Amino acid sequence: MRIHSLWIAGFWITILLFHPGPAHSNDCDALRQSVQKERSLIKKQQLLDEAIQTCPNHAQLQYDKAFAQERLRRYDEALTYYLRATELDENFAKAYFGLADIFVVLGNLEPAIWAYQSGLALEPDNQRAAASLELARIKYRSEMGERITSEEFVRVMRESRDQSTTEGAMDGPIVRMQILFEIGSAGLTASAIEQLETVGTALSHASLADQRFEIAGHTDSTGSPEVNLPLSKLRAERVKQHLIDRYSIAADRLTVAYYGDTRPAVPNDSTRNRAINRRVEFRKIR
């Protein structure tokens with residue numbers, strides 16, 4: 001069956017490659033249908049590459065290529081093809097949703113919100129996309145330093161899609177917070193204590209009671225790496241201890257990670273962005 005489907009796809013590609021003039025829409029639709037019959041993701045990738053060369057302006061083929069790249073966890077490539085699909089067909093709701101999902105995986109929430117909104121303007125009854133948009137908005141507000149509720153924190157941790165680990169991508173439900181510390185130290189400010197009330201209350205919620213979480217400390221690029229790395233560790237450990245002491249969260253539910261300035265969420269090129277990078281991330285882990 002696989003050999004047969006490959007032969008059919010190859011037949012169409014050969015015909016179209018030697019067809020005088022550009023491929024017509026109907027021809028490209030037929031080519032796509034033949035490619036779709038291939039079950040092997042690797043083989044389908046090859047066929048999609050050839051099909052896109054023949055039909056470069058076929059939005060559905062660009063979408064199929066993006067989806068295949070996403071399944072292979074090649075998120076940057078998937079982003080390129082989803083974007084191309086939306087450029088070729090501005091009414092292609094699924095392509096906007098795919099684009100938004102990739103932005104979320106990569107932690108780029110502002111463009112994710114735009115893409116979900118664009119898709120929902122075309123397909124307003126898509127409940128999955130509407131729910132994903134709401135989660136992206138919650139996480140974006142938290143990332144920008146706005147306090148979220150414990151119910152919103154729980155919702156993100158319960159409803160976010162688990163993402164497979166890949167370079168540059170997040171690998172689980174995650175909330176970024178601008179936890180404010182005393183300058184140059186791990187001392188918690190009054191604002192930080194208020195924000196951690198959200199986290200402590202959420203981690204005590206029955207639906208998260210058996211879940212484990214990573215607390216990751218990050219800094220901006222101000223200062224030297226020799227200072228930033230241990231500072232990010234001290235701050236993450238301070239957050240962990242506060243949650244244990246104030247909210248009786250079991251210590252074995254919390255692990256600490258620290259990265260200094262090595263994993264900026266955004267470029268350290270403005271006051272706003274540096275504030276985003278001085279963050280603590282809470283990630284649900286298995």
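In the predicted model, cysteine 28 and cysteine 55 are joined by a disulfide, with their sulfur atoms 2.1 Å apart. The link of cysteine 28 and cysteine 55 is left-handed, with -95 degrees about the S-S bond. Cysteine 28 belongs to helix α2 (residues 25-36), whereas cysteine 55 is placed in the loop between α3 (41-54) and α4 (59-71), so the pair ties together parts that are 27 residues apart in sequence. Both cysteine 28 and cysteine 55 are buried. The structure holds one disulfide.

The secondary structure of the protein chain consists of twelve helices and four strands. Of the 286 residues in the protein chain, 49% are buried. Among contacts with a separation of 6 or more, 62% are between residues 24 or more positions apart. The protein chain exposes about 14,500 Å², of which carbon and sulfur atoms supply 51%.

Confidence was examined along the chain. The mean pLDDT of the protein chain is 87, and 87% of its residues reach 70 or more. Among the elements of the protein chain, the lowest mean pLDDT, 47, belongs to helix α1 (residues 2-17), and the highest, 97, to helix α7 (residues 109-122). The pLDDT is below 50 over residues 1-9, a stretch with 13 contacts in the model beyond near neighbours in sequence. Over residues 11-21 the pLDDT likewise stays under 50, and the model has 17 contacts for this stretch beyond four places in sequence.

Salt bridges were considered next. Their count comes to twelve. One of them pairs glutamate 152 with arginine 141, the closest N and O atoms being 3.1 Å apart. Because glutamate 152 lies in helix α9 (residues 150-159) and arginine 141 in helix α8 (residues 127-143), the pair ties together parts that are eleven residues apart in sequence. Glutamate 152 is buried, with a relative accessible area of 17%, while arginine 141 is partly exposed, with a relative accessible area of 22%.

Glutamate 281 counts as buried at 9% relative accessibility, and arginine 176 is buried with a relative accessible area of 11%. The side chain of arginine 283 meets that of glutamate 214 in a salt bridge (3.0 Å, N to O). Since arginine 283 lies in strand β4 and glutamate 214 in strand β2 (residues 212-217), this pair ties together parts that are 69 residues apart in sequence. Arginine 283 and glutamate 214 are both buried.

A network of salt bridges links Glu143, Arg176, Arg279 and Glu281. Within this group, arginine 279 is placed in the loop between α12 (271-277) and β4, and arginine 279 counts as buried at 4% relative accessibility. Arginine 279 and glutamate 143 are 136 residues apart along the chain, yet their C-alpha atoms are separated by 8.2 Å. Not counting residues up to four places away in sequence, arginine 279 touches Arg176, Met177, Ala216, Gly217, His218, Arg263, Pro264 and Ala265. A polar atom of the side chain of arginine 279 also lies 2.7 Å from the backbone oxygen of arginine 263.

Backbone geometry was considered at two loop residues. Arginine 73, in the loop between α4 and α5 (75-88), has a phi near 65 degrees, a positive value in a residue other than glycine. Arginine 73 is partly exposed, with a relative accessible area of 43%. Serine 248 occupies the loop between α11 (225-247) and β3 (254-258). The phi of serine 248 is near 55 degrees, again positive in a residue other than glycine. Serine 248 counts as exposed at 64% relative accessibility.

Conventions:
Residues are numbered from 1 along each chain as its sequence is written. This is a predicted model: local features need pLDDT of at least 70, side-chain atom pairs count only at pLDDT 80 or more; totals for chains, interfaces and linings use all residues. Side-chain values use heavy atoms; hydrogens and water are left out. Buried means under 20% relative accessible area, exposed over 50%, partly exposed in between (1.4 Å probe, protein chains only). Contact means heavy atoms within 4.5 Å. Accessible areas come from the Shrake-Rupley method with a 1.4 Å probe; for residues, only the protein chains shown count as cover. A disulfide is a pair of cysteine sulfur atoms within 2.5 Å. A salt bridge is a side-chain nitrogen of Lys or Arg within 4 Å of a carboxyl oxygen of Asp or Glu. A polar contact is a pair of N or O atoms within 3.5 Å; within protein, one must be able to donate a hydrogen and the other to accept it, and residues adjacent in sequence count only if both atoms are side-chain atoms. pLDDT is the predictor's confidence in each residue, from 0 to 100.
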